[in-house]
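Okay, thanks for coming, everyone. Let me put the structure up on the screen and then we'll walk through it together.

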Amino acid sequence: MKLLAGLVASVALFGGVQLLHGGDGQSAAIEPAASSTYRLTANGDEAACAVQRGAEVSDGLSQLSVAPDCRALMPGIERVKFWREQADGTVAFSENGIDPVVTFSVADGDGYESYAPAAPLLALDNDE
């Protein structure tokens, strides 16, 4: 009798978990987006500033926080608010999520190098 009660309880527990997960085997919990901190440099100078990729807003589009002192590297970059990652691995910073202020391609090794605009050449390296 105890075995039957244990079996019924196990089935009920399993069914409840499946109901919470929508029955598809995936967790219903929302995981917090991991932020990433980067170091932005221009033309290989020692001057650098911090850039932080925040929560994802939509597919490929994340919030972006740029330190005010980044203006010394590229005037206007301190106003960007979005990081857009394309399927080809390129990354664009923009004020509105659409029009890029600066665009990066994947660099040799870990990080990115800007290609638009042509000057200044910016390097974006993961700071974690």
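One word before we start: when I say two residues touch or are in contact, I mean they have heavy atoms within 4.5 Å. And please keep in mind that what you're looking at is a predicted model.

So, what's the overall fold? Eight strands make a closed barrel, going β1-β2-β3-β4-β5-β6-β7-β8, and the pairing is antiparallel. From one strand to the next, the twist averages 35°. As a reminder, strands of a sheet pair through backbone hydrogen bonds, parallel or antiparallel.

Strand β2, residues 48–58, pairs with β3, residues 61–66, over five bridges. Ser58 has Leu61 in β3 as its bridge partner. Further along, β5 (residues 91–94) and β6 (residues 100–106) run antiparallel and are joined by four bridges; for Ala92, the bridge partner in β6 is Thr103. These two strands make a hairpin with five residues between them, and Gly97 in the turn has a positive phi of about 90°.

Then β6 pairs on its other listed partner, β7, residues 112–116, antiparallel and over four bridges. Here Ser105 stands opposite Glu113. This is a hairpin too, with five residues between the strands, and the turn holds Gly109, with a positive phi of about 85°.

Pro117 sits in the loop between β7 and β8, and the peptide bond joining Ala116 to Pro117 is cis, with omega about -5°. Pro120 is in that loop as well, and the bond from Ala119 to Pro120 is also cis, omega about 0°.

Now for the inside. In soluble globular proteins, nonpolar side chains tend to be buried together. Here the largest nonpolar core has 21 residues, and those touching the most other members are Leu40, Val51, Ile77, Phe93, Phe104, Leu122 and Leu124. Two or more residues each come from β1, β2, β3, β5, β6 and β8, and β1 gives the largest share, three residues.

Which residues does Ile77 touch, not counting those up to four places away in sequence? They are Leu40, Val66, Cys70, Arg71, Phe93, Val102 and Leu122.

Have a look at Ser62 too, in strand β3. Is Ser62 buried or exposed? Its relative accessibility is 2%, and the cut-off for buried is under 20%, so Ser62 counts as buried. Its side chain makes a polar contact of 3.3 Å with the side chain of Arg53. Among the other residues in contact with Ser62 are Lys81, Phe82 and Trp83.

Last stop: charges. There are four salt bridges in the structure. Glu78 makes one with Arg71, with the closest N and O atoms 3.8 Å apart, and another with Arg79, at 4.0 Å from N to O. Arg79 also forms a salt bridge with Glu95, where the closest N and O atoms are 3.7 Å apart. Arg79 is in the loop between β3 and β4 and Glu95 is in the loop between β5 and β6, so this pair ties together parts 16 residues apart in sequence. Through shared partners, Arg71, Glu78, Arg79 and Glu95 end up in one network. As for accessibility, Arg71 is partly exposed at 46%, Arg79 at 44% and Glu95 at 39%.

Terms used:
Residues are numbered from 1 along each chain as its sequence is written. This is a predicted model: local features need pLDDT of at least 70, side-chain atom pairs count only at pLDDT 80 or more; totals for chains, interfaces and linings use all residues. Side-chain values use heavy atoms; hydrogens and water are left out. Two strands pair if DSSP finds at least two bridges between them. Axes are lines fitted to C-alpha atoms, for helices over the stretch in contact, and angles run from 0 to 180 degrees between N-to-C directions. Buried means under 20% relative accessible area, exposed over 50%, partly exposed in between (1.4 Å probe, protein chains only). A polar contact is a pair of N or O atoms within 3.5 Å; within protein, one must be able to donate a hydrogen and the other to accept it, and residues adjacent in sequence count only if both atoms are side-chain atoms. A nonpolar core is a set of buried Ala, Val, Leu, Ile, Met, Phe, Trp, Tyr and Cys residues joined through side-chain atoms within 4.5 Å. A salt bridge is a side-chain nitrogen of Lys or Arg within 4 Å of a carboxyl oxygen of Asp or Glu.
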